[in-house]
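This note is written for a colleague who is meeting the structure for the first time.

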Amino acid sequence: MRCKHCYLTNYNEEKEVNLETIEKIVSYLSNKGVKHICILGGEPTEREDLNEIIKICYKNNIVNKIATNGISLNKNKVRDLITSGLREFQISLDGHNAKENDYIRGKNSFNKAVSAINSIKTYGAWCSIAFTVNKYNIHSLEEMFILAEKLNVDELKIVPFIPVGTGSKINKLNLEKKDFKLIKEVINKHKITTKININSYFCEKVSCNKTNSCFTFGCGAGTNTLIINNDLTLSACDLLTEEDRTDKPIQTPEDIDFLWNNNFIFNKWRGLSSIGTKCIKDFSDVHNNGCHVANYIYKEDIVDD
């Protein structure tokens with residue numbers, strides 16, 4: 001798909017890590033105590049061996065989640081993924097009906113995503129809807145709660161549109177301060193009555209300890225999460241993988257540990273390096289942000305009034 005708000009610009013990367021390498025990496029991460037791996041894209045269901053990857057993680061006692069557009073998840077694929085050990089699905093929807101969603105995500109994407117959600121819930125698996133709020137669809141936020149409850153999903157994940165990648169070229173999707181206030185008002189109203197979990201740092205802001213260099217409020221980039229890219233380079237933030245990744249790919253799983261502890265990319269996300277990226281020049285206050293990328297680009301703390 002070619003979503004209007006995508007944080008990527010390069011859709012032609014055809015590198016695919018082989019199963020043998022994946023198994024070595026997953027085994028290493030498991031031995032290091034990693035408990036959760038989320039498979040992102042692109043589109044993870046495009047891999048013909050996705051079931052085998054899930055089995056490898058399951059064998060290593062790692063819980064898997066896939067973030068998918070859902071358009072190719074028919075009942076058989078959903079059943080096979082669950083049988084392989086997949087426990088969590090995140091399906092992207094950017095509107096409460098086909099008109100709203102398909103403008104952002106492409107023709108027929110709404111109906112296919114809803115069909116995937118119904119299949120997932122039929123088999124009793126955990127399912128989240130990921131809704132990226134932008135200027136075009138912000139009026140759908142109230143309706144998204146109704147849709148999420150109707151579809152009986154377990155979670156509604158609400159994140160703001162952040163103008164990076166392809167999304168940086170479409171200014172009409174950008175949010176304003178009044179929009180952030182509205183988002184918080186709608187969430188605060190529904191969190192009292194809804195039966196589903198709301199996953200959004202708009203819900204509540206808590207204090208943080210700036211002296212702890214390994215803690216980032218709201219974002220685990222460089223503190224408790226890392227991204228393994230399809231070329232085996234590493235990144236801290238999933239939004240900035242194109243511009244912020246290690247210079248060289250890992251050669252062995254042990255390289256992950258070394259880079260995690262020593263590479264400047266991770267240290268700057270811990271507030272320990274002044275080196276910026278093409279998009280983000282200042283990391284001095286990274287620990288005070290729910291999403292450092294969003295706050296830096298919008299030039300304000302989007303959680304605080």
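1. The model is predicted. Helix α1 spans residues 19-31 and has 13 residues. From its first C-alpha to its last the helix reaches 18 Å, close to the 18 Å expected at 1.5 Å a residue.

2. Which residues of α1 are buried? They are I22, I25, V26, Y28 and L29. Seen down the axis of α1, these buried residues fall within an arc of 160°, so they line one face of the helix. An α-helix has 3.6 residues a turn, so residues three or four places apart point the same way. The face turned away from the buried side of α1 carries the exposed residues E20, K24 and N31.

3. At its start, a side-chain oxygen of N18 reaches to within 3.2 Å of the backbone nitrogen of E20. Just after the helix, G33 takes a positive phi of about 100°.

4. R47 lies in the loop between β1 and α2. Is this arginine buried or exposed? With a relative accessible area of 17%, R47 is buried, because the cut-off for that class is under 20%. Its side chain is joined to that of D49 by a polar contact of 2.8 Å. Not counting residues up to four places away in sequence, R47 touches E16, V17, I22 and I53. Of these, I22 is one of the buried residues of α1.

5. The largest nonpolar core holds 81 residues, among which F89 and V293 touch the most other members. Helix α5 (residues 109-122) gives the largest share of this core, 6 residues. In soluble globular proteins, nonpolar side chains tend to be buried together. Leaving aside neighbours within four places in sequence, F89 is in contact with I66, L73, V78, L81, I82, I120, A125, W126, C127 and S128.

6. Helix α6 (residues 141-150) can be described in a similar manner. Its residues L141, M144, F145, L147 and A148 are buried. They cover an arc of only 165° around the axis, which puts them on the same side of α6. On the other side, I146 and K150 are exposed.

7. The buried residues of α6 pack against the helices α5 and α7 (177-193). They also pack against the strands β4 (126-133), β5 (155-160) and β6 (197-199). The helix is followed by N152, whose phi is positive, near 60°.

8. How many disulfides does the model contain? The count comes to 0. C57 is in no disulfide, and the nearest cysteine sulfur, that of C38, is 11 Å away. C57 is buried, with a relative accessible area of 2%. C3 is buried as well, with a relative accessible area of 10%.

9. K191 has its place in helix α7. This lysine is partly exposed, with a relative accessible area of 41%. A polar contact of 3.3 Å joins its side chain to that of N188. K191 and C219 are 28 residues apart in sequence, and their C-alpha atoms are 21 Å apart in space.

Technical notes: Residues are numbered from 1 along each chain as its sequence is written. This is a predicted model: local features need pLDDT of at least 70, side-chain atom pairs count only at pLDDT 80 or more; totals for chains, interfaces and linings use all residues. Side-chain values use heavy atoms; hydrogens and water are left out. Helices (H or I, at least four residues) and strands (E, at least two) are DSSP runs, numbered from the N terminus. The expected span of a helix is 1.5 Å times one less than its number of residues. Buried means under 20% relative accessible area, exposed over 50%, partly exposed in between (1.4 Å probe, protein chains only). The arc is that of the directions from the helix axis to the C-beta atoms. A polar contact is a pair of N or O atoms within 3.5 Å; within protein, one must be able to donate a hydrogen and the other to accept it, and residues adjacent in sequence count only if both atoms are side-chain atoms. A nonpolar core is a set of buried Ala, Val, Leu, Ile, Met, Phe, Trp, Tyr and Cys residues joined through side-chain atoms within 4.5 Å. Contact means heavy atoms within 4.5 Å. A disulfide is a pair of cysteine sulfur atoms within 2.5 Å.
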